[in-house]
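Work through the exercises below with the sequence and the coordinates open. Each task is followed by its solution in steps.

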Amino acid sequence: MIATLLDIVTSAAILYAVAAGLLIVFGVMKIINFAHGGFLTIGGYSALAVTKLGWNPWASLVFATGIGFVAGMIIERLVVKPLYSRPLDAILATWGLGIIIGQLITIAFGREVQFVQSPMSGAIEFAGASYSSYRLVLVLAATVIGVGIAALLQKTRLGLVTRAVIMNEDLARGLGINSGLVRFFTFSLGAALASLAGALITPLSSVDPNMGVPWLVNAFMLVLVSGVSFMSLLVATVVFGGAQVLVSTYVSPVLGGLTIVVAAAVLMRVRPQGFSRE
Amino acid sequence: MSSAGIQGVAGSPAVAGKARSDFRRVIVFSVVALAVIGVAPYVLDTFMVNSLIRGFLYAAVALTVDVLWGYTGVLTFGQSAFFGIGAYAAGLIFTHVGFSLGYAALALAAGVVAAIVVAGIIGWLSFYHGASPLYASVVSLVLPIVLTQVIYTGGEFTGSSSGLSGFESFDVSMELWFWVAGGYLVLLTAGAWLFVRSDAGRILIAIRDNEPRCEYLGINASRVKILLLTAGAVVAAIAGYAFACAQMVVAPEYTGFVFGTELVIWVALGGRGTLLGPVIGTLLIDTSTSYLSGNLPFYWKLIIGLAFVIVIVAIPKGLMPLIGGLFGRRRGEATVEVPTLVEAAATPFAGLEGAGRLAVELKGVRRHYGSLKVLEGIDFSVKRGELLSLVGPNGAGKTTLMRCLSDGYERSGGSIHINDHDAARLPPHRIVGFGIGRKFQTANAFDTLTVAESLRIARTRIAGPAFFSREATLALPKAALQVIRATGLDAVMGVEAKHLSHGMKQALELAMVLSLEPSVLLLDEPTAGLTKPERTMIGTILTDLVRDHGLCILLVEHDLDFVREISSRVIVLHQGRIVLDGTVAEVVESELVRTIYSGGLHAPAKP
Amino acid sequence: MIRRLKRSVLALAVCLAVPAAMAADPVRIGIPVGLSGANSVVAPSVVQSAELAAEEINAKGGILGRPIVLEVADDGSGAAGAQKAFDSLLFQKKVDTLISMETSAARNAGLPIVSRGKKPYIYTSLYEGRSCNKYLYCNAPVPEQMVAPIVDQFMKKFGAKTFFLVGSDYAFGRGMLKFTREYIEKNGGKVVGDEYAPMDATDWTAIISKMRSSAPDAIVMSTAGGAPNVTLTKQFKAAGLKAHIGNLSVDEGTAKSMGADAEGTYITASYLTTLDSPKAKEFMAAMQKKFGANLKTPNDLSVPQYDAIYLYKAAVEKAGSFDSDAIIKALAEVSFDGPRGKVQMSKQRHAPLNMYLGQVQKDGSVKVIETFNNVDPGEQCPNLK
């Protein structure tokens, strides 16, 4: 029982970390970034590079965030910016980017599964149950990401401007806000967050060129049902992550794997605004 | 282009000839293509024959992606699922039941029925009033993922990841399969070509250009998309069935989303919205993959990915228009064609059973955005033959009220009856059926359609479109014809609507709404941006409509002079409430109204 | 042009080595293999095995005096790619035979094309069994050969009574564990859990929770290769559960990369690099000599490829011609004594094999615990003559 509860909390935390970058891009740019899986993979391989360089495993988090941010900056300028007025095309272009990232990584690092040195391993006693300590660390990490984004949006001028663009881009532009710059920054930040999430999840598993793909569709669904609110995302990850764990545990992991996409698709049909309040 | 268009008004023979030449061109194309396919197996080696059988069937599915995405704007990653459904229907029945001609027919029927059912469910999920296109795309991505998982879990029954192989199938040569697959593709392409160029095909473009406006013209866009998806599903399922029969293997790969996205890539590279582009793109890329992927396994996929991104960013129309540029231009000009305008037989106005009673009745209508009350306690009713103007300063709630009258989802509370029909929670296309016609403030309905095509779209609800041809005549109600003739629109019927002057666009909008033969006309600032003579003309037309046709007109207008000239009654809105409801004279003399407008009574019309 | 050049250079080299007789047309062996996709990790080692066999045979005069030329094609590790690869090899390159390690989906997609091309096809990958076709032979292990050593070890040596089976939801995972369950129950053991995760799943949390609550004596895993395999092993280790672990899908190379995480895991194979038979050592030395620093470590998926080329040679020589029907008949009758011991595909198109039970050590190496000679592949294709 405790273990299941911990599974739900940690699964929700992982989903939150993975979807946060996608959400911020969706909020500002109104596009679903299909290259998100590619950025997760970039994060995983950044962590691999850190391992290969023999640095401290924790350094991979900073390194991955940096690499992701730079990759996001380049891609935003080259590919996403020309497509501001064609959102469906932007989605397709980011899809193509995902393919390119995957192939480049395959060519550079090889197709095989590789391992990242975990910052910590083993299990610890928690509330009377033995539980993977790194999964618990992820809850902390997701909290830091959540609080960090909230602070960025609420406490900084950049955040204020970003919120203005999220609410009404035309109006914001009318007020003299450089929405192009906000988009540029947002996309880069989204890429950085995805890359960070990639580095965070690799110690649980392994890195391979397709590692981002299984996360992608679940993250899409969570973002779509969350509207543009990070609070809604939190609710969505707990509800759907919880449902996934419960279905996996008590019914079948195969059905569990489909829980999020199917439940979210139906929820959106019945209640198009999803978990957001309006 | 424009001069050709204007002269083209002259008569119907040109149009009829045009339509015939379309038909002739398709027949010539089909005969040539079928002849090439007939000879090909004797010229090509076995490898190419086998490759092209698969290529033809993939291309048939790519065609459905093109019609859905290129023409209608529905980006779908899920057509592979329907291909897989058709393939698995054959694979499962031949493996577990056995093969005979009867079972083969059964398998085909089972595949088609399953595809229709699944398409219906996906259509219901994806397309509803107010659904975002993004959501539909993501649902189309979910379908192949779920289906593939089902096949994996099916164990020995579905063959799981290995698929099913070694089942018996039609004992015919590969040459015959080549002809079957090639013939299927040619007939589909020809049929799709006639369809997208037909009057019905224009509806797809109208939905792509401006779906909400289609709804207000009484077209159930969601239903059109569901039907289109279902038709595409059947086409894909038949292709999948033929694939399984010819190749004697089915695998989850063919239902998967990777295949689904490959289809989109082929269509994008070939040229969306061109039909031939996707077909050529599919055949070329699929065949060259056989040659190149062995030599550069990873680089080949990288090259495809790069080409895809470059095409999407830099040449969104794909490579087909570039390649076909030489003869394409000539054809592009030739397509300007104009039907003859005739007067439609007077169809009774919709909802006439309400005649003599109330045309519009509102009780306690509210509209809240969160805590912001935009409309509150709106009660009034209007009879036939009234011309009611809604006035009030900016933000008074006039446009919101128009919206509530034409879309059952808009209001937060209260009831609305149109010609005694409860608007309930009905989408706009249903409300149009009660006799409402709404003209929007901004006049830019369908960018890529001509004036004549736009008017025909507006007639869809009443006249029903031709599916594989274009009518030589366009029958419009008298009121619409009056507007068209009075404004000179009849001289520019072949011009794309986006090239019209502002005044002409407004006139076109009005003519489109009148083509719906409404009994209640909602007009949002019909005179905005018009010159004085144009304004006078519109005013005359409106008063004629009320007098001659017994229409009920509700008008939102800033130009109070105009209001004074034509209204039989005026309602003043202020901060979401009705503050005055009376005759023109009563309103003009009202101290309250003066205060509200605070001297802005004669302010110039806002664009 | 380049191909012709290459061919003539090869012919020249062959002429120098063995005069006169070798001027004949080469024997083309088609190798459809997953150069891209899931199998791309192991594919290079398969190609290397084939290259060594071809070189050795050519040095001794080829097959019936004709030199071997290998035609490698990428099957993308899947059905669609396999159709292209098989079509290209059979109808463009006009190969005389197909010999390759592939995914089951690729093999299934290729079989109808082989039936039309009418050439012998030797499948060299361990798989879930029961693939039957007039032109098909298999010389690698099937569940009947892989499961027994592990389950016997657990039940007879360790007295294990309860088993938990976990796999990826795909043909191999399901096929292996279905047989495992039957075998355990037949021998009086009890299966307390039987769980599958989606094929690309890397999160095994829910299943590990179930393992924890059912507390089995032993766990048998059969996941998809690569990430699922590795993540299950690591997450199982992190969960701190105690049970005997048998893994039907881990190969030596993966074990090595997992190191301490896989320590103690039992695996079965028909080939391990640590085998110390003279033939195995000879093979390894030849591979090292030929490929040097570029050597991809030979493994249970690549060595059958080497064996199969020799088996094909023996069958052609027995048949005395390149007639497909004669070769297919002969393939069941010939044997080859190679790195894995004597291999003959004498049982319903499949081969009784020497199987080795190995255990992963702390450093990731695999120690041979026990050898089982001539393990029977069971009833694979009873309806095939």
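**Exercise 1: Chain B as a whole**

Among the contacts in chain B between residues at least 6 apart in sequence, 77% join residues at least 24 apart, where contact means heavy atoms within 4.5 Å. The model is predicted, so local features need pLDDT of at least 70 and side-chain atom pairs count only at pLDDT 80 or more, while totals for chains, interfaces and linings use all residues. Residues are numbered from 1 along each chain as its sequence is written, chains are lettered from A and ligands numbered from 1 in the order in which they are written, and side-chain values use heavy atoms, with hydrogens and water left out.

Task: state how many helices and strands chain B has, and what share of its residues is buried.

Solution. 
- Step 1. Chain B has 25 helices and 14 strands; helices (H or I, at least four residues) and strands (E, at least two) are DSSP runs, numbered from the N terminus.
- Step 2. Of the 607 residues in chain B, 58% are buried. Buried means under 20% relative accessible area, exposed over 50%, and partly exposed in between (1.4 Å probe, protein chains only).
- Step 3. Taken along the principal axes, the box filled by the C-alpha atoms of chain B is roughly 90 × 55 × 45 Å.

**Exercise 2: Strand pairing**

Task: give the strand order of the open four-stranded sheet in chain B, then describe how β8 and β9 of chain C are connected.

Solution. 
- Step 1. The order in chain B is β5-β4-β7-β8, with antiparallel pairing; two strands pair if DSSP finds at least two bridges between them.
- Step 2. β5 (372-383) and β8 (421-422) of chain B are the edge strands, each pairing on one side only.
- Step 3. Strand β4 (residues 358-369) of chain B runs antiparallel to β5(B), and eight bridges join them. The bridge partner of B:Tyr369 in β5(B) is B:Leu372.
- Step 4. In chain C, strands β8 (residues 218-222) and β9 (residues 244-247) run parallel and are joined by four bridges. The chain passes from β8(C) through helix α8 (residues 227-239) of chain C to β9(C) in a right-handed β-α-β crossover. Right-handed means that, with the strands pointing away from the viewer, the path from the first strand over the helix to the second runs clockwise.

**Exercise 3: Rings and charges**

Task: count the aromatic pairs over all chains and classify the pair B:Tyr42 and B:Trp179.

Solution. 
- Step 1. Rings of Phe, Tyr and Trp (its six-membered ring) pair if their centres lie within 6.5 Å; planes under 30 degrees apart count as stacked, over 60 as edge-to-face and the rest as tilted. This rule gives 44 aromatic pairs over all chains.
- Step 2. The ring centres of B:Tyr42 and B:Trp179 are 6.1 Å apart and the planes are at 50°, so this pair is tilted.
- Step 3. B:Tyr42 belongs to helix α2 (residues 12-43) of chain B and B:Trp179 to helix α8 (residues 174-197) of chain B, so the pair ties together parts 137 residues apart in sequence.
- Step 4. B:Tyr42 is exposed, at 65% relative accessible area, whereas B:Trp179 is partly exposed, at 30%.
- Step 5. The charged end of B:Arg197 sits over the ring of B:Trp193, 4.4 Å from its centre. The criterion is NZ of Lys or CZ of Arg within 6 Å of the ring centre and within 35 degrees of the ring normal.
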